[in-house]
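Opening my notebook on this one. I want to look up a few things and jot down what I find.

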Amino acid sequence: MSLKTDPNLENPDAFYADRLAAHNGLSDADSHALNAQLVLILANHIGDGDTLRAALTLAREGFS
């Protein structure tokens, strides 16, 4: 399984700004919950277990 790791967002600066705006006014706990909800929504959109496991493995790299 090979994930796209090169930049692939049409407008990454706009996405970053939108992501930050979604967190405005939230407590730390609500901000973490928003991130978790976003992950679950995107995971459901992807839908493929192998792809999701590969993404989890890649995201985990660098943490001990």
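Which side chains meet in a salt bridge? I looked it up: R53 and D50 do, at 2.9 Å from N to O. The term needs a side-chain nitrogen of Lys or Arg within 4 Å of a carboxyl oxygen of Asp or Glu. The structure holds 1 salt bridge.

A note on the source before I go on. This is a predicted model, in which local features need pLDDT of at least 70 and side-chain atom pairs count only at pLDDT 80 or more, while totals for chains, interfaces and linings use all residues. Residues are numbered from 1 along each chain as its sequence is written, and side-chain values use heavy atoms, with hydrogens and water left out.

**Entry: helix α3**

I checked where the pair sits: R53 and D50 are both in helix α3, 3 residues apart, about one turn of the helix. (Helices are DSSP runs of H or I with at least four residues, numbered from the N terminus.) An α-helix has 3.6 residues a turn, so residues three or four places apart point the same way.

D50 has 46% relative accessibility, so I put it down as partly exposed. The cut-offs are under 20% relative accessible area for buried, over 50% for exposed and partly exposed in between, with a 1.4 Å probe and protein chains only.

T51 is in helix α3 too, and at 18% it counts as buried. Skipping its neighbours within four places in sequence, I found T51 in contact with M1, L3 and I46. Contact means heavy atoms within 4.5 Å.

Next I checked the length of α3. Its 12 residues (49–60) should span 16 Å at 1.5 Å a residue, and the end C-alpha atoms are 16 Å apart, so that agrees. The expected span is 1.5 Å times one less than the number of residues. After α3 comes G62, with a positive phi near 95°.

**Entry: α1 and α2**

How do the axes of α1 (residues 12–23) and α2 (residues 28–46) cross? I found them coming within 9 Å and crossing at roughly 135°. Axes are lines fitted to C-alpha atoms, for helices over the stretch in contact, with angles from 0 to 180 degrees between N-to-C directions. The two helices are therefore oblique to each other. That word covers what is left after under 35 degrees (roughly parallel), over 145 (roughly antiparallel) and 65 to 115 (roughly perpendicular).

R19, A22 and H23 of α1 make the contact with S31, L34 and N35 of α2.

I picked out S31, which is in helix α2. It counts as buried, because its relative accessibility is 17%. Beyond its neighbours within four places in sequence, S31 touches H23 and L26.
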